[in-house]
Amino acid sequence: MLDDPFADLADRELLAPLSPEERKHLELHHYVKSGEHVIWIEPEGRVRQEKYAKLYYLRTAKGVFRTSRVTDEIVEV
């Protein structure tokens with residue numbers, strides 16, 4: 001059995017609906033856009049989820065990112 005890279009995270013139940021591809025993106029980048037939500041891992045290890053339309057900035061161990069309303073992407077600040 002493979003080790004779960006998210007096993008030690010607080011609020012990891014938010015990860016349950018993610019596809020394997022989304023989980024891989026989250027593991028690599030510490031954020032993933034899934035449907036109308038963004039799920040990210042804060043530097044302290046807490047998993048957060050917010051609707052993309054309400055989100056402006058997110059902070060991860062990989063850096064600070066913002067949502068672009070023009071390109072509908074998440075970009076590094």
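In this predicted model, Glu42 is found in the loop that runs between strand 2 and strand 3. Glu42 has a relative accessibility of 12% and therefore counts as buried, since the cut-off for that class is under 20%. When its neighbours within four places in sequence are left aside, the residues in contact with Glu42 are Arg48, Arg59 and Thr60. In space, the C-alpha atom of Glu42 lies 9.9 Å from that of Val64, although Glu42 and Val64 are 22 residues apart in sequence.

Strand 1 is paired with strand 2, which comprises residues 37-41, in the antiparallel sense over four bridges, and Tyr31 stands opposite Trp40 of strand 2.

Another open sheet is built from three strands in the order 4-5-6, and its pairing is antiparallel. Its edge strands are strand 4, residues 57-60, and strand 6, each of which pairs on one side only. Neighbouring strands of this sheet are turned against each other by 30° on average, with direction ignored. Strand 5 and strand 6 are joined in the antiparallel sense over four bridges, and Phe65 stands opposite Glu76, a residue of strand 6.

The largest nonpolar core has nine residues in all, namely Phe6, Leu9, Leu15, Leu18, Leu26, Val32, Ile39, Ile41 and Val47. One of these residues, Leu18, touches Arg23, Leu26, Val32, Ser34 and Ile39 when residues up to four places away in sequence are not counted.

Attention then turned to charged side chains. Side chains of opposite charge can pair when their charged atoms come close. A search of the whole structure finds five salt bridges, and several of them are described here. In one, the side chains of Arg46 and Asp11 meet at 3.2 Å, taken from N to O. Because Arg46 lies in the loop between strand 2 and strand 3 while Asp11 lies in the segment before helix 1, this pair ties together parts that are 35 residues apart in sequence. With a relative accessibility of 40%, Arg46 counts as partly exposed, and Asp11, at 30%, also counts as partly exposed.

A further salt bridge is formed where the side chains of Asp72 and Lys33 meet, with an N to O distance of 3.1 Å. Asp72 belongs to the loop between strand 5, residues 63-68, and strand 6, residues 73-76, whereas Lys33 is in strand 1, so the pair ties together parts that are 39 residues apart in sequence. The relative accessibility of Asp72 is 45%, which means that Asp72 counts as partly exposed. Lys33, at 31% relative accessibility, is likewise counted as partly exposed.

Lys51 forms a salt bridge with Glu36, and the closest N and O atoms of this pair are 3.6 Å apart. Since Lys51 is placed in strand 3 and Glu36 in the loop between strand 1 and strand 2, the pair ties together parts that are 15 residues apart in sequence. Lys51 has a relative accessibility of 36% and counts as partly exposed, and Glu36 is partly exposed as well, with a relative accessible area of 49%.

Terms used. Residues are numbered from 1 along each chain as its sequence is written. This is a predicted model: local features need pLDDT of at least 70, side-chain atom pairs count only at pLDDT 80 or more; totals for chains, interfaces and linings use all residues. Side-chain values use heavy atoms; hydrogens and water are left out. A nonpolar core is a set of buried Ala, Val, Leu, Ile, Met, Phe, Trp, Tyr and Cys residues joined through side-chain atoms within 4.5 Å. Buried means under 20% relative accessible area, exposed over 50%, partly exposed in between (1.4 Å probe, protein chains only). Contact means heavy atoms within 4.5 Å. Two strands pair if DSSP finds at least two bridges between them. Helices (H or I, at least four residues) and strands (E, at least two) are DSSP runs, numbered from the N terminus. A salt bridge is a side-chain nitrogen of Lys or Arg within 4 Å of a carboxyl oxygen of Asp or Glu. Axes are lines fitted to C-alpha atoms, for helices over the stretch in contact, and angles run from 0 to 180 degrees between N-to-C directions.
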